[in-house]
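Hi there,

Here is the structure I promised to pass on to you. Have a look at it first, and then read on for what turned up.

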Amino acid sequence: MRAVVYDRYGPPEVLRVEDVERPVPKEDEVLVKIHATTVNRLDVHTREANVKSGLAVSFLSRLVSGLRRPRQQILGSEFAGEVVAVGAGVTGFAVGNHIFGTTGIRFGAHAEFLCVPESARIASMPTGISFEQAAPLCDGALNALTCLKQADLRKGRRILIFGASGAIGTAGVQLARYFGADVTGVCNTKNLELVRSLGADRVIDYTQEDFTKNSQTYDVIFDAVGKHSFKRCKGSLNQGGLYLATDGFRNLFLALWTARFGDKKVVFQIPPRQTKQDVLFLKELVEARRFRAVIDRAYPLEQVVDATRYVETEQKTGNVVLTVSRA
Ligand SMILES: NC(=O)c1ccc[n+]([C@@H]2O[C@H](COP(=O)([O-])OP(=O)(O)OC[C@H]3O[C@@H](n4cnc5c(N)ncnc54)[C@H](OP(=O)(O)O)[C@@H]3O)[C@@H](O)[C@H]2O)c1
């Protein structure tokens, strides 16, 4: 089968498309013919061993994915495709089922075929959407959901989402709206209309206005793109307010510190706890037309290096899809 492989950490150019052996499903696994996958920030960080986050984080990253070289040579966590074989013990899926999901840090989805346990974060595809629309449903949304679950969002709670146009941000706006919160999205001028269309009650263009200086306050500030800080947001949080972080080593310490001291808290869950139930929840939301994955661009698998370079600009809007084979 064709797959994108890499055998050393480095720039996007370490990725190459090669023929590799097709995996064979174990007793509890399904074999999926992948039609679409994505390039996301998890792929990018893992491929470069998180080197941009400093030596300590890079070392931790290598402990997880291979000290000298990557143990798993095929990246790609999200996918949508068709089940083409099942192990003897599989009861929940059958050949011909269309499924979507994520393998998380087990990766392996930048390939024509993938084996996943039926207990993994996979589900039947929501009805009425394409493989390209289903592949990017999990990464941003599961990361956003993990954060938002800790914020007790409900009607009347005010949340500000900084970085509302990224994979996590576009999902966060829709999910916060679904939970009934009053949502303010912050993004660049070009993404204002999109963020409004996703359900934000109001939008702030960060090139024109600094939300920390407009005297508005919130119960929750969700830094969905890791570009803000608790220190700068603190004055915009109500008493008992939460700062939800998605990135930044310092936030680990702040989360521990604020759990014991002070009224305003930093919440940063590492590793994020994401479940199969969460994936089933997303499927229901998509079918109820309460959630969709925003797609910026799609590239064929062969153009994975270009797709990766684009993701690395940190300027994508929503998600970048890789099409693997046509339905
Ligand atoms: N995706 C994952 O698997 C994952 C997992 C854990 C943690 N994270 C971390 O979570 C964060 C968000 O991930 P993501 O996948 O949602 O990112 P993303 O999709 O790559 O985010 C892209 C968006 O970030 C915005 N942005 C870029 N620079 C900005 C700045 N200086 N100020 C404000 N907004 C800026 C851009 O919005 P505008 O064009 O509107 O400026 C763009 O739409 C990243 O720090 C990532 O490392 C990601």
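The shell around the ligand takes at least three residues from each of domain 1 (2-139 + 274-323) and domain 2 (140-267), with domain bounds that come from an automatic or database domain assignment. Please keep in mind that this is a predicted model, where local features need pLDDT of at least 70, side-chain atom pairs count only at pLDDT 80 or more, and totals for chains, interfaces and linings use all residues. Residues are numbered from 1 along each chain as its sequence is written.

In that shell, 26 residues surround the ligand, and the closest are Leu42, Gly166, Cys187, Asn188 and Gly226. Helices H1 (41-47), H4 (139-148) and H5 (167-178) each supply at least two residues of the shell; helices (H or I, at least four residues) and strands (E, at least two) are DSSP runs, numbered from the N terminus. By class, the shell has 7 nonpolar, 13 polar and 6 charged residues. Ala, Val, Leu, Ile, Met, Phe, Trp, Tyr, Cys and Pro count as nonpolar, Asp, Glu, Lys and Arg as charged, and the others, Gly among them, as polar.

The C-alpha centres of domain 1 and domain 2 lie 26 Å apart. Their contact takes 18 residues from domain 1 and 14 residues from domain 2, where two residues are in contact if their C-beta atoms, placed from the backbone, lie within 7 Å. On the side of domain 1 that touches domain 2, helix H2 (55-65) and helix H9 (276-287) each supply at least two residues. The largest share of that side, 3 residues, comes from H9.

The largest nonpolar core has 92 residues, and Val32, Phe100, Ile159 and Ile161 have the most contacts inside it. Such a core is a set of buried Ala, Val, Leu, Ile, Met, Phe, Trp, Tyr and Cys residues joined through C-beta atoms within 7 Å; buried means that 20 or more other C-beta atoms lie within 10 Å of a residue's own. This core also draws at least three residues from each of domain 1 and domain 2. Leaving aside neighbours within four places in sequence, Phe100 is in contact with residues including Phe79, Ile122, Met125 and Leu137.

Finally, the protein as a whole: its secondary structure comes to 10 helices and 15 strands, and 46% of its 327 residues count as buried.

Enjoy exploring!

Technical notes. A residue is buried if 20 or more other C-beta atoms lie within 10 Å of its own, exposed if 12 or fewer, and partly exposed in between; C-beta atoms are placed from the backbone. A residue is near a molecule or strand if its C-beta atom, placed from the backbone, lies within 6 Å of it.
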